[in-house]
Amino acid sequence: MITSRWSEAFEAPEHQSYLWPGGQPAALLLHGFPGTPAETRALGQVLHAAGWTVQGLLLPGFGAELDRLGEYHYGDWVRATVQTVRSLQAQHRPVLLAGFSMGAAVATVAAANAQPDGLALLAPFSGAIGPIGAIMPVLRRLIPTVKPFRLFKPDFSDPEVRKGMATFLPGVDLADPAVQRSLLDITIPLSVLDELRLVGQASRPAAGLVHAPTVIIQGVDDKVVLPKFSRQLVYA
């Protein structure tokens with residue numbers, strides 16, 4: 001059962017950071033929001049099987065710390081990424097930095113500083129959260145907390161929604177009405193969504209400062225990260 005404390009859902013080993021030693025090339029993989037390295041393990045396994053050293057990073061405030069996520073800012077996620085890239089660069093070449101959704105935004109900002117040898121952006125979030133984004137700086141002061149699943153109203157009967165949720169909550173029975181109610185009651189600080197918006201926005205100018213060869217992978221039917229926003233990054 002999921003409770004109103006997010007951290008209890010992320011204590012399993014698959015949600016922790018991982019480092020799989022391999023060959024000289026290395027890849028650092030970043031999860032999305034509100035995910036964990038569980039999201040990146042499948043890709044990591046493919047790269048590791050091909051001879052790469054692979055590291056999956058749990059960004060500060062996520063996973064078992066998710067109840068404290070409101071204490072962090074997006075700069076904390078970027079700094080952790082830059083430090084990890086540079087640590088890999090000290091022993092490996094080439095170093096690939098890859099991120100999914102929010103992780104792609106963090107990866108882009110970090111890449112502008114750490115300059116990895118390659119950058120892969122998977123459905124990169126770029127700060128577009130609809131009309132509410134314009135007033136988010138004010139809202140975060142007026143409304144301390146929000147229930148994100150009530151806000152975004154996911155259709156738990158949609159197979160694609162279940163598939164996506166299963167990536168960061170493996171083993172959770174989304175067909176169980178009690179689980180659905182528990183998810184709807186999960187509460188986070190509104191400031192967290194604003195930090196998500198801010199890192200997405202920061203990725204746009206940062207994209208123009210990245211010198212590494214970059215690939216963007218975007219689903220044409222993605223309803224969360226729209227293809228038109230990913231195209232904009234190409235011309236940043």
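Student: In which helix is G164 found?

Tutor: This is a predicted model, and in it G164 belongs to helix α6, which covers residues 159–168.

Student: Why is G164 called partly exposed?

Tutor: The relative accessible area of G164 is 36%. Buried requires under 20% and exposed over 50%; the value for G164 lies in between, so the residue counts as partly exposed.

Student: How far apart are G164 and E39 in sequence and in space?

Tutor: In sequence they are separated by 125 residues, whereas their C-alpha atoms are 9.3 Å apart in space. For the chain as a whole, take the contacts between residues at least 6 apart in sequence: 73% of them join residues at least 24 apart.

Student: How many helices and strands does the protein chain have, and what share of its residues counts as buried?

Tutor: There are nine helices and eight strands. Of the 236 residues, 48% count as buried.

Student: What makes the span of helix α2 close to the expected one?

Tutor: Helix α2 runs over residues 74–89 and has 16 residues. From its first C-alpha to its last it reaches 23 Å, and at 1.5 Å a residue 22 Å is expected. The two values are therefore close.

Student: Which residues of α2 are buried, and what covers them?

Tutor: Among the buried residues of α2 are W77, V78, V82, V85 and L88. The covering elements include the strands β2 (26–30), β3 (53–57) and β4 (95–100), together with the helices α3 (102–114) and α8 (190–207).

Student: Why is the pairing of R79 and D76 called a salt bridge?

Tutor: Side chains of opposite charge can pair when their charged atoms come close. In this case the N to O distance is 2.8 Å. The cut-off is 4 Å, so the pairing of R79 and D76 qualifies as a salt bridge. Both residues lie in helix α2, three residues apart, or about one turn of the helix.

Student: Are R79 and D76 buried or partly exposed?

Tutor: R79 has a relative accessibility of 48% and D76 one of 21%. Because buried means under 20% and exposed over 50%, both count as partly exposed.

Student: What is known of R197 and D194?

Tutor: R197 forms a salt bridge with D194, and their closest N and O atoms are 2.6 Å apart. These two residues lie in helix α8, three residues apart. Both R197 and D194 are buried.

Student: How many salt bridges does the structure hold, and which residues form a network?

Tutor: The structure holds five salt bridges. E65, R68 and E71 are linked in a network. E65 is partly exposed at 27%, as is R68 at 38%.

Student: What makes nine residues in the lining of the second largest pocket nonpolar?

Tutor: The lining divides into nine nonpolar residues, two polar and no charged. Ala, Val, Leu and Ile are among the types that count as nonpolar, so A207, I216, L233 and V234, which are among the residues nearest the pocket centre, fall in that class. T214 also lies among those nearest the centre. The lining has 11 residues, and β5 (118–122), β8 (214–217) and α9 (227–234) each give two or more of them. The space in this pocket is about 160 Å³.

Key: Residues are numbered from 1 along each chain as its sequence is written. This is a predicted model: local features need pLDDT of at least 70, side-chain atom pairs count only at pLDDT 80 or more; totals for chains, interfaces and linings use all residues. Side-chain values use heavy atoms; hydrogens and water are left out. On a 1 Å grid over the protein atoms alone, a cavity is a set of points where a 1.4 Å probe fits but cannot get out, and a pocket is an open set with protein on both sides within 12 Å along at least five of seven lines; lining residues have an atom within 4 Å of a point. Grid points are joined across faces, edges and corners, and a volume is the space filled by probe spheres set on the points. Helices (H or I, at least four residues) and strands (E, at least two) are DSSP runs, numbered from the N terminus. Buried means under 20% relative accessible area, exposed over 50%, partly exposed in between (1.4 Å probe, protein chains only). Contact means heavy atoms within 4.5 Å. A salt bridge is a side-chain nitrogen of Lys or Arg within 4 Å of a carboxyl oxygen of Asp or Glu.
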